Structures are given as structure tokens and as C-alpha cells.
Amino acid sequence: MLRATGENGAHRQGVSAGAQGFALVVALLLLSFILTLGLALSSLSQVELAAVSTPKRQLIARENARLGLMQALATLQRTAGPDRRLTARAEILGSTTAASNRYWTGVWDAAMPTQAPVWLVSGQAPNASTIAADTVVLVPAYADAGAPAVRVEKVHFQQDDGSSHAFAWWVGDEGVKASLSAGRKRAAGLSDLETLTLQNQTPAGVDLRELFGADVLVDDALKGDLTKLVTRGEIPLLSNASGAGVAPHRARAAFHDYTPCAYAVLENPTTGGLKINLSDDAYRDGFVNDALQQFLTPISAASGPAADLSAHKIKTGEPVHALYPVPTEVVLYMGLFHGWSDGIVRIRYHVEVEFWNPYPVPITFPADAGDEEGNKNRSIVVVFQNMPEIEVKAIGDSKVPDLEDDLDNFKGAAEDTNARYINGWLDISPPSKDGNIPVLLPGEVYRAMAPNPGSQPRGVARRFCFQTGVSLQGQSDGLRWSDSRGARPDYNTKIQVKADAPSKGVSISFVPFSGADTDYREVAPFFEIKDLDFGDFKYKQYFRSKSNPGKTTKGKEVSYELDEFEKTLGKGILPFSNPYDNMDYYNIGLYTIAYHYRLKADGDEMADLLAALDPRAPVLDCDGTYTDREGKKRKVKDLVDYEVFTRTDPDDHLNAFDDDELFHDPKARSHEDEDLRQVVMFDLPVAEPVSVGVLRFAQVPGLPALAIGTPRAAAYNGVFDYYYMSPLSSVMGSSRRLMNPWLEPVRTGEWSRRLTASGGLPQQDDAAQLCLAGAFNLNSTSTEAWRSVLGASRLVPAVAEEPDGGWGVAGGAPETPPAWFRLPFYGAWADTPLGTAEDAASLESAFSCGGRVLDPDVAEAQLDCVVQAVVDKVKAHGPFGTVAEFVNTGLLQEAIDEVGVIRGTDLPAINEGVPEGSNLYLTQGDVMEALAPMLTVRSDTFVVRAYGEAGSVLGGAVTRAWCEATVRRLPQQMDGTDPMEPTVPGGFGRAFEVVSFRWLDPSELEDEDVPLSM
């Protein structure tokens, strides 16, 4: 028997062998139970631990996404916070960008534009031309739009516990997209004229057809919803009265092309700092002077301003504002002959001028009651100077002297200054019999002649070489050719008239009438044509002498037979003398000399003229030079016609005054409707301007007409970068509203307090409190965005059921073909606000419209060509540093001109059949006028998407999170510096603020063809 022994050696109680086996089994069972229990408890602990760690990892993933967001914001602040930064998508670099990276946002330093940009994406060294291996999708692909997914590189890191984590981020440029909600608000209480001029200067929002479809109705309800649009998620909810909404696939595809609203700082991209508000009429600088501010001040379209006929000090580059008529054609008719009754050789003349009022408003002149001779409304005096010496010689007849005189300073009538030089007092009549104020109507070409040929057909007489007190051939009262008073040529003697012109050409000056005794040679002209080199001339006539059978000794008229003198007229011989007092062969129809000047204005001549000169320029120097459209140096005289006519044949009328050109009035001294020729070329604000583009109508010495907005203006296109306009509605006090629909206060309360402090008046430094709402970055490479911006229509059919009935104010009908107003203020009240290419059959009709609308049948296709050309050219150039740089390339004009020639060759050219230079000829300047209030070269609103992932120490699947924030840059500087000043180099620049934040559902990132992470 076995015994058990204790530790102390004491024997235990003995047990049987069976009992011992049972105990072993029980022990093993207990051990198994304990082991099972331990395993169960362990598994339960792991489940509970897993249940606890899942939300923790989700939280960590979100924190990692926030980390990515913070890094994105820090990079954005550091790179895009300072002034003089440019932003654009990577696709602006063309084929060097990998297709999947086309939507990356780059930031360029404008001071070093050739350096590589900073790419606003995560990664160790992001390169837009390569694709990283470990990436994550932050914007899904949209196959319908041909848009690849936006992928960026993940940044990995580990925690102390050994768990693996990552984040990624991408900053999207909102400014390169079309803003849906911007530009649609209008200040309350505007007059109809203010509403129309505002509409004509800039569109009421972008075109919505790409988003809604071709039949979109922009009714009041949709307008209201658009102005309330805040987030991208609200876009699919938009609809209009017809029930048309935004299809879900369009809303998804619109991610890269549309934004609720892109806000921007009113930054001056040329120098940094903020732009100046030109609506502050007290502001002055090196360019903005009194004259420019006077130009920007609205005038009455009904009564019109008074003509300013005073001389102005002209300095190249400094605007002037003087409203006066432009002489477009001048003829000096002269007749040189021998007077029979007193034996004096005389010169008689008429002056004929066509004046042009190039403005859309009437300009008035002082009323003139007239004098005892019946002269009335003598408003303007034309003066001819630097005229030739004239010699009159009887060939082969030695008994008569040769006569010489100077047409600049006649030797006769020394006591009368007006009789010593050639000048004419031109009258401008009132527009109706009931009127009493002389006026030139809007755009009117008005024809005047001095003296009036109806009452004085023989013209103004000047004694030729008559010197009182100088004796010749026994006569004490001067030189004469006469039967009874000294020598005269024999019958049929040839009389030679010869002129020797001075080395410098003739000058034609225009001065205001100020009385009969004024020596107008001493009055500074308001307009002068210089250096007209008419040259020398010479011609011959026959002297005729017969007794005078037309009077008896008692002075009574008797009949007489047709004699040799009258026969010579019938044979086409214009005699040098007239023996009949009752018959004067010099009148306006029988002149013998004519000086003719004409401003060329037909066909291509108008385009050449406008590309070289401003016809309003107060001095036209025909000896000067200009650069033509091909870059060649040419003489100004090439832009005008001038010549001298001589005649001896009465049947050769030599009608020097043209009657088949743009600047022509078929009936002199007439304002009759059927004869009125209307040519409106230069607009004047009749309401507050909101577009800097209206500066193209200001007169800037040294600039061609309408140059601003085109490459011809060169450095002066800087106005688009330096200035903006922010007039306020007429309601006074802090309740005044911004009339520029593309501007909003940054903080409404601060803006109200500012208005109260300023008395409700615009201030030059308002940009510190304002933001550009609906800014469009011209470095955009989105064809859809460009199309929505360029295709924005400001008109709708006047009668919805009759699409051909014309156009009216935008709203309440299908959006119509794009329209651009050459003359936005004139277009607000003109009989023909807009015209098509078909309306440009003649220059006259082409200048009677306020602007141009594309022909509906081809407008969409033409616009598509223009848009694609613009995007291609932006990509070819790379990011533009200033708006002026963009304008000076002529990119928009090239895009317009390529339609039907290089692009869309099955389409008519946009300007086909349209006279170049006319109001219907679409130019880059017309487009820039509409775009100016919204254009920038950088973006200040961005959408930031960030990604975070959290792994486990135990491995397995990772937890992911995505977030999105919208941020915008503010005028305020981070260091508290005056907002109007440029940001400090090396600093953080202007502050950004987060305006929205949300977590993204993974379904928003899904794309069935591409995994979210790879």
C-alpha cells in the first residue's frame, strides 16, 4: 500500500488507486475549464477593445484629416497670402502636366514669373508632371465631363505606439470658375436709365445654359435663389419657373467649372496694395486729374452740355475733357477777278465746313441775336493762316502792272483786321423754328457755310493789292485795272494767276466767335489742323472787256442781246473780268480756286484712322507720324485728303465737298430728320459708371481713339489693375447701396459705420472694406467657365412670342445671344440699342447702334470657337501677371478674328461685312468693358479637401476620413498694416478666413473605375 508523506515527513492518510484516478480527471477538467474560461475572457476583452478602438481610430483619422487641412491652410497663407501672387491650374502649363494633375493649383510669384510655382497639394516634392505612387482621391473623376480624378500623394507617419497614419490635402482654385450667385443683385430705387446703363456696362451674372440646358428661364424666382446660394450642395436644388433644374450629373460635372461665388480682394496686381475707387470724385493722381473726373461725372442726356470752345493746355498722357464739334471737312472756295465798275482786282471767297458731334448727347452753343446785317448764331470762326503769295500777271501786256499780295495779310483795308486775312464766321442754327439755342444733335454731322450763299452768293470780298495812299500811273488811291482808271489788259489777254506756298503748310484754326472786331489770328484755337501742304498752283484765264450795255446813262436797266462775253461762258471759258454790274460770274458755283481738306472715314480708312489717332485731338498735325496696325511708321497726312483745285471752265464744277461718305450732311444748315446724318462714336456717362472700361471714351492726348482695352493703349491699360468703380445709389446716408453688382462689403456693420462717417459718399480707399464678389481669374483654363462668362447675355426678346422683335432688359425669358455694348450709355436710350452684322450694310447704320449682338442662328457656334481660342491662348502664354498684360497681347481680338477663318471655317466670321471701326464691329475693347468689373489674375477663394487615415498596432484595415473647407482671403493684413498698402515682403500677407467646413461622406469620393487609394 502506498502512503503519502507530508512535507514534514508525517504520513498522510492513504487513498485507494481508483480514487486517485478520479481526482486526476477532475483536475484535468478543472484545468480545461479554467483554460476555456481564460480564452473566452481573452476573446471578450479583444472584442471589447476592438469596439472601443474603432471610434477612436475614426477620431484619429479625422484628426489626421484636420492635420492635413491645417497644413494646407498654412501653405496657402504662406504662398498666396502676400500680394502680387498669381494662381492657376496646372493645366495652364499644357502638355508638361500629367493628365491626372490638371486640377492642381499653382501659386506663382509675380516678381519671378519664370520660376516654378508652388503646388498646393500634399507630398514631399509635388511635381505636376509626374504621378506619385501612393495617392488618394480627393475629387472623383467625372467621365461625362472628361474630368480625371484629383489624386494627391499621402504623407505617412507613425505614432509612438507603432500605429501607422497618413494625411493628404489639395487646394482647389475657385476663382477660375464661373460664379453662379454673383452679379445678380441690383441696388433698389434705381431709375430706368440707371438700370439700363448698369445692365449695358456689365452682365447680370454668368450664362447658365451650360448648367441648366439651352432653354433655361432666368426668372425672378431663380434670380432670388441664385443670390441666396451659399454652398455647392445647393446647386442641384436650383430650378426655375419652367421646372428646369440642374441635373445631378451636371451638378457633379460642374465641380471644376462653377462655384457659388468666388470672392477676391481688390488687389492691384502691378504694385501690390489695393485698387483705388474712382467713384471718389476727389481723388487725383498722375493720371486721374480734374478733366478725367469731369468726364466720369454723369451729365444730362436730354439737355446736353455746352460746347467747350476754349483752348486747353495739352500734355501727353494727361486726360482732357472738352466737348466741341470735330471739323471733318473744310473747303475754302475763292474767286479772283477784275471788278468792272471800280477797276479793282478782288478775291472773293466762301468757307464751307462740316462739323461732327461725336457724342451721344446734344452739345449747345451760346445764342447770338445777330447784327444789322442779319448775321445770327455765329458760334465758330474758321481762320486760314500760312497762306501763299498770289501773283496776277497779264501775259504779254506791258502796260498793266503785275499784282502781288499775301493771303495771310492783305495789303488792303489796313484799318480792318478782319479784312486782312481769310476767315469765316460760321453759324450753327437752333434745331427747330421754335428753338432759340444753337445745338448739334447727338452724333450729328452738320454743314455750314460762311457767308450764307442764300443771302450772299458773291461771298466775302477782299481787295487784292489795294494800298490806300500809294500812287500808280497817276492814281492816288491804289492799283487798278480799268478803262477809266488807269491801265487794264486788252481784250482776250491771258491772265496768269500763280501761287507760291510757304515752306510750312496751311493751318486751319477754329476759335469761338467773340465779336466782329476781334482779330481771330490772336485767339488760341480749340481745334487746329496744321501743315496742310497744298503746294503751289498756276492757271490762266482770259480777260474780257466790253462796254456795258446793261444800263443807260440814267442807270435804268435795258435789255441787250447775247454778246461775246456771255458766249464765252457758254463755251466753257471763265473770264477774269465781268463788264456787267447786273451779272456776277463769281459765286459759290463759279469759284476758280479751292482748298479742300477731308478726314478719311470710309471702309478701311476709318479703321486706320481710329488705330492711329483720336479725331477729337485738338491738334491734327499732318506732318506728324503714327504707327499703323501692321507696326509700320506712316505720315498722319495719309489719314486725310487735301488738295488745291483750280478751274477756268464754268462747266467743270469741281464739287470739292464730298457727298458719299460717312461724314456728310446733304443739306446745309439743316437739322431735318430726313437729312440728319448720325455718327455716334464716343460715349459719355449719363448715369454712374461701374466699369473701368468706360475710360476708353476719355480723351487722352497721345492715345488713339478707343485705345484703352486694346494693345494700342499699352501702359495705359494699367487702369484695369489700378482702379475700380463703386458708385452708391442715390439714397443718402448709411443705407446707400453699392451700384456695382460685383462688389460686397466684407463686414456689413463696419461698412455701414464707414458710410455714416463719410456722409454716404464713395471713398478712394473703400477697397479696405469691400470684396469682389464673383471674381473671375483670367488665367482660367476652364472652357465651360469662360463660356459662361463670355456668353453672359444682358438682353432678352422684347416679346417672348416673337423672338425677332428685338431685345429688352434681362430677365423673364430665355437667355439670348451674347451682346456687347460699344456705347453702354447711348445704348440705354438709343432708338437702335443693338444691331447684328446684317444691320451693318452701311457706315451710317453701323454707327447708329449702341452695340453688337451675335446673330442668333450662329451665335452659339461662334461663341464656342471664341472660348476655345481664348483657353488655348491662355495656356500658350502661361499665367498672366496683370490684366494689362492680358489686354496687351490682343488675345481676345485674335480669338474673335479667328472665327470662320481658323476655327469654325463653316461659320461666318463674327465681323463679316461689318465696317471696321463702326459700333457694330466687335472688338476686344467691347468685351473688356463688360469683363472689367470682375477680372483678376489671381484667386482669393479656395476649396480645401483633406484626407486622414489611422492604422492599428495590430494591423488590418485602416480608418479614413475626408473633410472640406472653403476659405477666402481678406483685405486685412496679418501684421495690422494699412490694408491699402502692399504686403511686406517675406511676411504672411493678408489674412484668410474659413467660411465653411464639413465632413465628406465617402460616397462623395467614390468612382467606380478608380479606387480611392492606391
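Select Leu891, Leu892, Gln893 and Ile896 in α15, then Gln924, Val927 and Met928 in α16: these two sets meet, where contact means heavy atoms within 4.5 Å. By class, this contact has 5 nonpolar, 2 polar and no charged residues. Ala, Val, Leu, Ile, Met, Phe, Trp, Tyr, Cys and Pro count as nonpolar, Asp, Glu, Lys and Arg as charged, and the others, Gly among them, as polar.

The model is predicted: local features need pLDDT of at least 70 and side-chain atom pairs pLDDT 80 or more, while totals for chains, interfaces and linings use all residues. Residues are numbered from 1 along each chain as its sequence is written, and side-chain values use heavy atoms, without hydrogens and water.

Now show the whole of α15 (residues 891-898) and α16 (residues 924-931), which pack at an angle of about 120° with their axes 8 Å apart. Axes are lines fitted to C-alpha atoms, for helices over the stretch in contact, and angles run from 0 to 180 degrees between N-to-C directions. Helices (H or I, at least four residues) and strands (E, at least two) are DSSP runs, numbered from the N terminus. The two helices are therefore oblique to each other; angles under 35 degrees count as roughly parallel, over 145 as roughly antiparallel, 65 to 115 as roughly perpendicular and the rest as oblique.

On the α13 side pick Val866, Ala869, Val870, Lys873 and Val874; they meet Leu891, Leu892, Glu894, Ala895, Ile896 and Glu898 in α15. This contact divides into 8 nonpolar, no polar and 3 charged residues.

From α11, select Thr783, Trp786, Arg787 and Leu790; their partners in α13 include Leu863, Val867 and Val871. Here the residues divide into 7 nonpolar, 2 polar and 3 charged.

Last, move to the second largest pocket, with a volume of about 810 Å³. Of its 30 lining residues, Glu373, Asn375, Trp425, Pro451 and Gln456 are the closest to its centre. A pocket is an open set of points on a 1 Å grid over the protein atoms alone, where a 1.4 Å probe fits, with protein on both sides within 12 Å along at least five of seven lines; lining residues have an atom within 4 Å of a point. The volume is the space filled by probe spheres set on the points, which are joined across faces, edges and corners. Colour β18 (423-427), β20 (444-450) and β21 (460-463), the elements that give two or more residues to the lining. β18 gives the most, with 4 residues.
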